[in-house]
Every structure is written in structure tokens, then in C-alpha cells.
Amino acid sequence: MSSNPLPSNTSRFEGCTLTGALSITTSVTGSVSIVHGPSGCAHHNFSLLHATALEHDGVDAPSIISSCLSENEIIFGGEAALERALARAASLNPACIFVLSTCIAETIGDDAGAVCRVDWGVPVIPVQTGGFLGGVFDKGVNNALCTIADTAAPSTRQGTVNIIGEKNLEYEVEENHAELSRLLSALGLSVNIRFVHHVSPDEIAVLGRASLNVLRDEGQNPVGDHLRARFGTAYLPSFPSGLFCTLQFLKNVAAVCGVPSHPAVTMEQAVQEEVLAEFSDLAHTRIALNGAGLAGSSCGIAREVAGALTMKVSPRGCRVPLPVSPPVGTAGIRRMLHRWRRMINA
Amino acid sequence: MKQIALYGKGGIGKSTTSANLSAALSMQGLDVLQIGCDPKRDSTRMLMHGSFIPTVMDLVRERGDAQVTREDIVHSGFNGVRCVEAGGPEPGVGCAGRGIIATFQLLEKFGALSGDVIVYDVLGDVVCGGFAMPMREGYAQEVYLVTSGEIMSLYAANNICKAIRRLSQRSKSTCRLAGVICNAKNMPREDELVGEFARRVNSRLVQYIPRDRCVQVAEMHKQTVIEYAPDSEQAERYRTLALRVMENSAFTIPTPLDINELESLALEYF
């Protein structure tokens with residue numbers, strides 16, 4: 001056991017490809033995800049996704065079926081077990097079925113792709129997710145997004161914006177989306193689809209209609225590239241974060257979509273000033289940034305906000321929490337400042 | 001109980017040597033168990049007069065492990081030699097190495113690993129941990145390499161030396177190289193070459209078995225040489241091998257050669 005308790009000192013801190021892919025596929029409404037491997041791989045992920053959904057007040061358990069490989073399937077091959085799982089999944093009459101591989105299925109060389117190509121009466125989409133191949137959680141997310149994107153056909157652009165790769169397991173997924181929608185609507189733009197957050201295969205079919213894809217963060221650039229190659233859609237590599245960058249985000253979106261940015265930027269500057277005024281009681285407070293090694297990318301934003309409020313960052317200051325992911329938009333900064341105030345006034 | 005394993009390149013004659021060795025050992029009055037650890041399942045065929053016995057893996061696949069009994073998998077062949085074939089998955093699917101591990105677990109469960117001598121006849125290349133199973137603790141402590149003087153055969157034998165050396169470094173490991181058996185292709189100076197190879201890997205040539213037509217004739221009659229032509233010179237060679245195996249106590253940790261050393265050795269005797 002590591003003597004240093006930081007999560008970043010834990011093996012596979014970056015997680016498993018399978019879990020990342022399931023966080024996406026289980027968010028396609030009406031679908032079933034088959035985990036082709038021992039039942040433990042499915043159970044472990046089911047538990048994680050279910051627990052997270054409950055934290056988010058979700059009531060639906062993720063729709064996951066295991067092909068339940070045991071020792072005999074490992075020796076004799078697991079393709080027949082996958083066929084049984086597919087037959088069971090197809091009998092549930094889902095909108096589509098995802099087949100996700102595991103370490104052991106990849107090790108023994110099961111050809112899941114060939115089993116999926118059989119006509120099962122519903123679309124069956126294989127996603128390669130063997131964790132031992134070196135990919136991490138984010139790689140699973142990206143693999144799933146690219147694979148699902150390939151089910152949509154290119155179409156005429158209609159001046160809308162796609163939200164790409166929302167982190168379905170993060171706490172503020174809905175708050176972040178609401179903020180992004182608010183910023184886009186200030187530019188007169190609307191969201192085409194949330195790819196993939198509680199969307200159906202029918203909605204995914206119109207993925208190519210957007211004029212712009214906004215990625216959740218830079219780790220999804222391979223997805224942005226994939227979508228640009230398939231649909232010709234430009235992308236911005238991350239949600240806006242920080243005072244300056246949120247204003248810049250509005251300008252960047254406006255430039256790509258060919259709409260004027262000035263009114264929205266002016267309006268947002270006023271919103272930011274209101275937020276800073278709301279927390280003016282924190283001026284001159286000494287704070288220490290406490291991210292437990294997880295929130296490096298939030299540090300710069302925190303310093304920018306502290307500077308705007310004339311707070312002092314010092315190791316001897318009051319330890320305030322940093323969000324694991326950088327706060328999204330002006331609303332994200334407001335939530336961060338609320339948490340800081342609670343710590344400072346505690 | 002003596003447990004020995006024969007390893008070597010595919011097609012080099014491990015099964016022929018194993019079957020004749022088991023037959024010769026049984027003629028000494030010993031209770032012998034031969035286990036074929038190759039999905040090809042033909043290790044014990046000559047001991048069984050040409051019949052392919054059901055393999056452990058076939059039975060498990062067809063019935064499930066719970067329905068398989070000791071009697072289903074252990075078959076009595078020539079002179080009471082007990083024969084087992086591990087078998088494996090259909091070619092091209094699954095994991096044959098895991099099949100070997102599962103077979104050993106089942107044999108352990110049945111208490112079938114008993115008698116005076118157990119002869120493990122193992123797939124030529126130790127391609128994964130499963131095929132190293134017979135070398136692990138509790139199984140074969142004495143490994144014999146079967147090789148001809150051909151370079152690819154020596155190369156495979158040398159690779160097995162690497163596996164033995166690696167396994168021998170583990171705590172509690174008792175696996176050792178017991179010797180080299182030259183199953184000859186009748187190349188010039190083949191006995192000298194294989195003898196020198198054995199010496200350089202820190203072992204010795206235990207028996208030289210020249211290529212002899214009577215092996216093929218015996219196999220055409222679905223018998224071992226020991227059974228078909230007991231008075232032949234070849235049968236005598238197998239009997240000598242059996243005596244030497246039982247008397248052998250020179251077990252070593254091998255010193256495998258690097259490829260350049262191996263090739264220049266072969267060139268010296270070419």
C-alpha cells in the first residue's frame with residue numbers, strides 16, 4: 001500500500017477504458033450495454049454508475065448485461081456466451097445494443113466484431129474497451145463517442161451547437177450544461193444535441209446538423225477531430241472557464257457561427273461584475289488553495305478570481321477547496337466562491 | 001513418485017519417445033501415468049492401440065466439469081499404462097494454456113496424479129504460462145529436452161532451457177533440467193552436436209535414438225516399438241532410456257545459449 005494517500009499515487013488513478021465507455025453508452029436512452037467479460041466487470045461498473053446516478057437524483061439503473069464469462073469460456077472461447085447475451089439483450093427490444101469488450105475477452109482473442117455483424121434485428125455497436133491495452137477512463141469515453149458518432153450520417157448544417165462529451169459522472173453536469181446554454185443563447189444560438197447525455201439514437205442521427213461542436217475538455221480533441229473529419233464541423237476544445245476565458249469563449253463561438261459577439265460579451269461582463277460585487281466581503285482575505293493534487297487545472301482560475309476580488313493567496317491562508325474540474329462559466333465561479341465563503345466564515 | 005516432463009519442438013518425436021518410454025517403464029513393473037499436454041491429443045495414441053481417447057477438455061466442454069469422473073478421463077493402455085489427454089479448445093479460439101491449467105486442477109481433484117512415474121508430454125513451445133504448468137511446483141521436477149541436431153529444434157530446446165531457468169529461480173521451485181534426448185534425423189555428427197549442446201546448457205545427453213524405420217512400422221500397426229518389436233535394437237534403446245531416467249539424479253539449472261552461440265555451435269558440426 002502506498003504510504004502517500006493522494007489518489008494520484010494509486011495505481012490506475014486514471015481509471016479503466018471500460019468504465020469510461022460505459023459512462024457514455026449507458027446514457028443513450030433505450031439502449032442496452034453488454035459487457036463481454038466475467039460478471040464482475042459488469043457488476044463493478046453497474047455499482048459505480050448506479051451510485052453516481054443516485055447522487056445525481058437519477059432513478060434509473062444503468063442498463064447493463066454481462067456475457068458472464070467463466071473459466072470454460074476462457075478456455076473454449078467466449079463468442080457463444082456473447083451470442084447468448086446478445087439474444088437476451090435483443091429480446092428486450094432496445095433501441096440499440098452496445099458491446100463492450102474486457103481485458104480477458106481481448107486476451108483470448110474473441111472476435112466480438114464478427115458476432116456483432118450478425119443481424120440481431122437491432123443495431124449492434126461494438127466498442128473496444130479492454131483496459132489492459134493501456135487506455136484509461138478518458139480513452140473509453142473517446143472510443144465510445146467516436147463509435148457512436150459513426151452511426152450518424154452527414155447532413156446539412158443548421159446553425160446550432162453540439163455539446164460534446166459531457167462528463168456524465170461529474171457532480172455539476174446539469175449546472176454546467178445550463179450555464180453553457182445560457183451563454184449560447186446570449187449569442188442567439190441553441191443546442192442541437194448533448195452528445196452523449198440522455199439522448200436517443202434518433203437524436204444522435206442529427207449530430208451532423210450543428211455548425212459548431214463544443215468539447216467538454218481538451219482530452220476530447222481526438223473526438224473533435226473525428227467529428228470534423230466525418231461531418232466537417234469546427235470545434236472549440238473546452239467549456240469556458242475563468243472570467244477572461246468565458247468572455248473569450250463568447251467571441252470564439254460568435255466567430256465560428258458568424259454572429260455578432262459584442263452584445264453578449266458586454267452583457268456577460270456585467271454579470272461577472274455582479275458576481276464579484278456579491279462576494280466583495282471576501283476582499284483582502286488570505287486563502288490557501290487546497291486541491292489535494294487533483295485540481296491543478298483549477299488553480300489558474302482560482303488565482304484569477306482571487307485577484308479580481310483582491311484576495312491574497314498564501315500558504316498560511318484559510319484553506320479553500322478547488323473544484324476537481326475547472327468551474328464552468330460565470331455560474332461555475334459563483335458556486336466556487338460560495339464554497340470559499342463557507343470555509344472562510346466557518 | 002517420479003514425475004518427468006518431455007519438452008521439445010513440435011514434430012520432433014516427443015509423443016513417440018514419451019509413449020515408448022512409458023511402455024518401457026511399465027515393462028520394468030512400474031505403475032505409469034502418461035499425460036498428453038497438447039491440444040493435438042495424440043500423445044497416448046500408440047499406447048491406446050490407435051484410438052483417440054476422449055480428452056479432459058472435450059468432456060468438460062460437452063458435460064461441464066461437475067459431470068466428469070476420473071474413469072472418464074483416465075484410460076488404461078498397453079501393459080496397464082494409464083493415459084490422459086488434456087486436449088484443448090477448437091483451433092483458433094479460446095485459450096489452450098488455461099485448458100492445461102484446468103486439466104491439472106481436475107486431475108488434482110480426482111487424485112489422479114499417482115503411481116510410480118508420471119510422464120508429461122508437453123507442447124513444443126512454452127508459449128504461455130499454461131504450458132509451463134507441468135514445470136511448476138508439485139508437478140514435474142525433471143525436464144527432458146527432446147531434440148534433433150537441426151538448428152530450429154535446438155533453438156526450441158534452448159528456449160525451454162530459458163523457461164526452466166526462470167522457473168527454477170522461484171522460491172520452493174524444484175523444477176530442474178534432467179537431460180537431453182537426441183531423437184535423431186540421422187544427420188552426420190548429430191550425436192556429437194546434441195551432446196555438445198547438452199554440455200553447454202549445463203546438462204548431458206541421456207540417450208541417442210537414431211532414426212529407425214521400425215518406429216514408423218510400429219506406428220502403422222498402432223503400437224509402440226516396445227510392443228510391436230520388443231526384440232529390435234530400437235526397443236532396446238528405449239529400454240536403456242527408461243533405465244537411465246530411473247537412475248538419473250543429475251538435475252541442473254540450465255545455462256541457455258544466446259542465438260549467436262547456438263548458431264556457431266551448429267556450424268561447427270555442420
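In the open sheet of three strands in chain A, what is the order of the strands, and in which sense do they pair?

Reply: The model is predicted, and the description below should be read with that in mind.

The strands of this open sheet in chain A follow the order β10-β9-β11, and their pairing is parallel. Strands β10 (312–313) and β11 (318–321) of chain A are at the edges; each has a single partner strand, so one side of each has no neighbour in the sheet. The pairing of β9(A), residues 286–290, with β11(A) can be followed in detail: the two strands run parallel and are joined by four bridges. As an example of a partner in β11(A), V320(A) is the bridge partner of L289(A). A helix also packs on this sheet: α14 of chain A, residues 329–345, touches both β9 and β11 of chain A. The direction of α14(A) makes about 150° with that of β11(A).

To place the sheet in its setting, one may turn to the whole chain. Chain A contains 14 helices and 11 strands. Its radius of gyration is 22 Å, close to the 20 Å that the globule rule gives for 346 residues, so chain A is as compact as a globular protein of that length. Along the principal axes, the C-alpha atoms of chain A fill a box of roughly 70 × 55 × 30 Å. Buried residues make up 46% of the 346 in chain A. If one takes the contacts in chain A between residues at least 6 apart in sequence, 73% of them join residues at least 24 apart.

Strand β5(B), residues 117–122, pairs with β1(B), residues 2–8, in the parallel sense over five bridges. Here A5(B) has Y120(B) as its bridge partner in β5(B). Strand β2(B), residues 32–37, also runs parallel to β5(B), and six bridges join the two. In that pairing, I118(B) of β5(B) is the bridge partner of L33(B).

Conventions. Residues numbered from 1 in each chain as written. Chains lettered and ligands numbered in written order. Predicted model: local features only at pLDDT ≥ 70, side-chain atom pairs only at ≥ 80, totals over all residues. Pairing = 2+ DSSP bridges. Contact = placed C-beta atoms within 7 Å. Axes fitted to C-alpha atoms, helices over the stretch in contact; angles between N-to-C directions. Rg over C-alpha atoms; globule rule 2.2 N^0.38 Å. Buried ≥ 20, exposed ≤ 12 C-beta atoms within 10 Å, placed from the backbone.
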